[in-house]
Amino acid sequence: MNINHNYERNTFLLWFLTVGVLGVLVGYPVEVLALFLLAYIVFQYRRLQRLYRWSKKSGDHDLPFEDGLFGQISEDIYQSKMQGLAQKDSVKYQLERFKKLISVFPDGVVILSLSNEIKWFNKQASRLLILKKEDTGQLINHLVRHPRFTHFLKNLKSDDAIVIEAPVIDTSWSAEKIEIRVLPYGDDERLLLIRDVTKVERTNQVRKDFVSNASHELRTPLTVMKGYVEMLLASTAEDNVQVGASLRKVDQQVIKMQTMIEELLALSRLEEGKVEAANSLVNVRSVCEQIKSEFQSAANEHQQSLVFDVPSSLNLKGSKGSLLTVLRNLVGNAINYSDENGEIRVGWAINEQGQGQLFVKDTGQGIGARHLSRLTERFYRVAENNIKNKTGTGLGLAIVKHELERHEAHLVIDSQEGEGSCFQCVFPAERIDP
């Protein structure tokens, strides 16, 4: 559109001169010009009102003005309205595509506000959480009433997930266990992802039951075997050196098997929660003193320094037996992985978040970065490390992980090859009584 931007100016000047001449002719030039200016202001005000009313109409495509500045403003408003409508249609189309995609997604999806209000959910989420259309706008924690889920929403961590019992409903289709994960979505929303893990949990339970039952069944034959080996050692070791050496190797392997079975049973009890509550007040210094008495001879044998730097007044809300198990595994590993004349230091620190860190630091060979994420898996061993004590079972750090979870704590491993390792047990501030 070719618009004359000087239309209003030229029209005003033409009328101003005409009215001025007319005022001179009638003998009242000032009065006539004042009346003209007043009328011109009212006229332009009415044009602004017309432009404003038109700008508010969404379906009117006829421009109210076609020339001058008002015509240019009308054209700009029209183009902005068209662009806005195009963007709105595009966003609406993308939103519909997203909803169609999510509707066929095999997992449940719920869009939440930052205050946990339900904005939208797909059919799978409706089935897994038993949600209805009228639940939109409700708080999710008011509809899914599970203590662990409520705690999970209040204490969200990045890439964290929980497994809870699914809500019960009397239908032929029903999940028993569901996994819930929360992810950031946009600036003021979050995605709640729900997955049916009933089959996975059943498989895990079968595995746990098998390990537990097999371990129980192996305890008796191993005890009998060890008894006979000890009896044979006592009767034949002095007469036949070769037979005695062989029997001692058998005895070592039997002891290793017994240790593994005991650790497997302990791990099974921890996973199933069949342990005493970790709510007693434990003096950490006394635990360290007991660990020192147990491992000082092993450290001296390897010519290593075993240093404990823990405040005598430090108390933790937890289980003394669990803390002993954690430190036994960590200090034992540190001794086995450190060279002669090395140092193993057990210390305490408070981080920036106010959390307590009970750490075991060694000057050993260190661990490659590719192994760190798998160290707490059952039976995982770093093959390239030359361990002095080969009697380990590969279950120690898995037990440490589960023992710490009982204390709402977690294990942080910092290690570099050739520079030693530091295993940090990070406890929440609520469990610290300095």
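1. Strand β8 (residues 315-318) pairs with β13 in this predicted model. The two strands run antiparallel and share two bridges. L316 sits opposite I432 of β13.

2. That pairing belongs to an open sheet of three strands, ordered β6-β8-β13. The pairing in this sheet is antiparallel. The edges are β6 (280-283) and β13 (432-433). Each has a single partner strand, so one side of each lacks a neighbour in the sheet.

3. A helix covers part of this picture too. Helix α9 (residues 284-301) packs on the three-stranded sheet, with contacts to β6 and β8. The direction of α9 makes about 55 degrees with that of β6.

4. There is also an open sheet of five strands. Its order is β2-β1-β5-β4-β3, again with antiparallel pairing. Here β2 (118-121) and β3 (161-165) are the edge strands. Each pairs with a single strand, so one side of each is left without a neighbour in the sheet. From one strand to the next, the twist averages 25 degrees.

5. Strand β1 (residues 108-113) and strand β5 (residues 189-196) are joined by six bridges. They run antiparallel. I111 has L191, in β5, as its bridge partner.

6. Which strands does helix α6 touch? Helix α6 (residues 147-154) packs on the sheet and touches β3, β4 (177-185) and β5. Its direction makes about 160 degrees with that of β3.

Terms used
Residues are numbered from 1 along each chain as its sequence is written. This is a predicted model: local features need pLDDT of at least 70, side-chain atom pairs count only at pLDDT 80 or more; totals for chains, interfaces and linings use all residues. Side-chain values use heavy atoms; hydrogens and water are left out. Two strands pair if DSSP finds at least two bridges between them. Helices (H or I, at least four residues) and strands (E, at least two) are DSSP runs, numbered from the N terminus. Axes are lines fitted to C-alpha atoms, for helices over the stretch in contact, and angles run from 0 to 180 degrees between N-to-C directions. Contact means heavy atoms within 4.5 Å.
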